[in-house]
Amino acid sequence: MDNKKATLELGTKPVGKLLAQYALPAIIAMTAASLYNIIDRVFIGQVVGPMAISGLAITFPFMNLAAAFGAAVGVGASTTISVKLGQKDYESAENILGNTITLNLIIGLAFGGICLLFLDPILRFFGASDATLPYARDFMQVILAGNVFSHMYFGMNAVLRAASKPRMAMFATIFTVAMNILLDVVFILWWHWGIKGAAFATIISQVLALCWQMKLFANKNELLHLKRGIYKLKANLVRNIVSIGISPFLMNACACVIVIFINNQLVRFGGDMAVGAYGVANSIAMIFVMFVIGLNQGMQPIAGYNYGAQQYGRMMLVVKLSIITATCIMLTGWALAMFAPYYCARMFTTDPELINGSIKAIKIIMMMFPLIGCQMVITNFFQCIGKVKISIFLSLSRQLLFLLPLLVLLPNLYGINGVWASMPTSDLISVIVAISIMTVYLRRIKKEM
């Protein structure tokens, strides 16, 4: 089946089969990425020590900030491509591919270079102490030096999914993860490079995957392929990419701000070990969050294409199926957190203090998981169809409007327990808001059907 026919199927094939076809590869890819994150931290925690886990947790805001810029281009470009394909505007879709490469190159180099110049002050601001700063610095020096490759890799994977190649995007991710784990063994266990070895493994594996992605897009038989004349930035295309990408950008940027607050409050009320416990709990939580992100990635081209083709019934059906699936995924995560938190924490460390702190953190952070899958799908849906203002609001609501004030208020009343309690509380409020907005939108869309 050629690529054009596969694209046209987005508007004709049964929605349930399409969602499985597109979401399963993305979920498998995200599962592999989650396993990498877990294994990476297991290597660091078991081989380097508990303080290295805390140092790695300090880098979470940095990684979120880098991901924010990457998402602004990758998600914006993939969504725009999906809509253009739905409108049969293949020339514009191809030009978006070229502009995506140029934007990733510019932003990736600029972000990495600027952050390297001010690395230590930034890490201090993010909550690093004298004990955790060396670990965080060693890790981020390598990550930032290769930042442009990371941006390009994630951007090209997003375009692959939009171009009706979800399996290729899955293979790229699985290859990256497998190579990453192999290099972890070499760099951390055999060569004893410590936390810096984990960073080198990450960048090298992404570079190798990027080479394969570029080879795919160099094939002139593909509907979207690399050629002369598509790389020069065009104002209207960049505007479309950024206008849609601004929502995931703000979501990740806000996540950066929030994690800074969390780290600083944890250090203030609980010390470096509390930061480490958050790092462990966040790693477990992200496994299931990544599952839903994979589901959303599978939903994105289907919802975007059918919105562009004005097939609203199919669009809403894929959203409904995605919400049901996301809820089941997060319910599984909640059950694991409530009934087996010790085994989750024990994977990362043998330190009793860190294990006990992690058990508490896992239970509290994942308390509202059965509800937030719905919120994640709804937020992504509005992003898929270009409803930028709604998507931005939903992206910001949990973190900036709800979580941030709670992080300021509750710790002053309840100490370290207040830091932990602020997370599930904001989850609950954001779910209520997302469902309310979606209900209003459904009433409007039914009038147009």
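Predicted model: local features only at pLDDT ≥ 70, side-chain atom pairs only at ≥ 80, totals over all residues.
**Entry 1**

I began with the disulfides and found zero of them. Cys344, for one, is in no disulfide, and its nearest cysteine sulfur belongs to Cys328, 20 Å away. I also looked up how accessible Cys344 is: its relative accessibility is 6%, so it counts as buried.

Next I turned to Cys374. A disulfide would need the sulfur atoms within 2.5 Å. Cys374 is buried too, with a relative accessible area of 14%.

**Entry 2: Ile284**

Which helix holds Ile284? I found it in helix H12, which covers residues 272–308. Buried or exposed, I wondered about Ile284? Its relative accessible area is 1%, so Ile284 is buried.

I then listed what Ile284 touches, leaving aside residues up to four places away in sequence: Ile38, Cys344, Met347, Phe348, Ile362 and Met366. I was pleased to meet Cys344 from my first entry again in that list. I also checked Ser34 against Ile284: 250 residues separate them in sequence, yet their C-alpha atoms are 8.7 Å apart in space.

**Entry 3: aromatic pairs**

How many aromatic pairs does the structure hold? I have 17 in my notes. I looked up Phe62 and Phe111, whose ring centres are 6.5 Å apart; their planes stand at 85°, so this pair is edge-to-face. Phe62 sits in helix H4 (residues 60–86) and Phe111 in helix H5 (residues 90–117), so the pair ties together parts 49 residues apart in sequence. Phe62 has a relative accessibility of 1% and counts as buried; Phe111, at 7%, counts as buried as well.

My other pair was Tyr307 with Tyr312, which is tilted, with 6.2 Å from centre to centre and 55° between the planes. Tyr307 is partly exposed at a relative accessible area of 23%, while Tyr312 counts as buried at 14% relative accessibility.

Terms used. Residues numbered from 1 in each chain as written. Heavy atoms only, no water. Buried < 20%, exposed > 50% of the residue type's maximum accessible area, 1.4 Å probe, protein only. Helix = DSSP H or I, 4+ residues; strand = E, 2+ residues; numbered from the N terminus. Contact = heavy atoms within 4.5 Å. Phe/Tyr/Trp six-rings, centres within 6.5 Å; stacked < 30°, edge-to-face > 60°.
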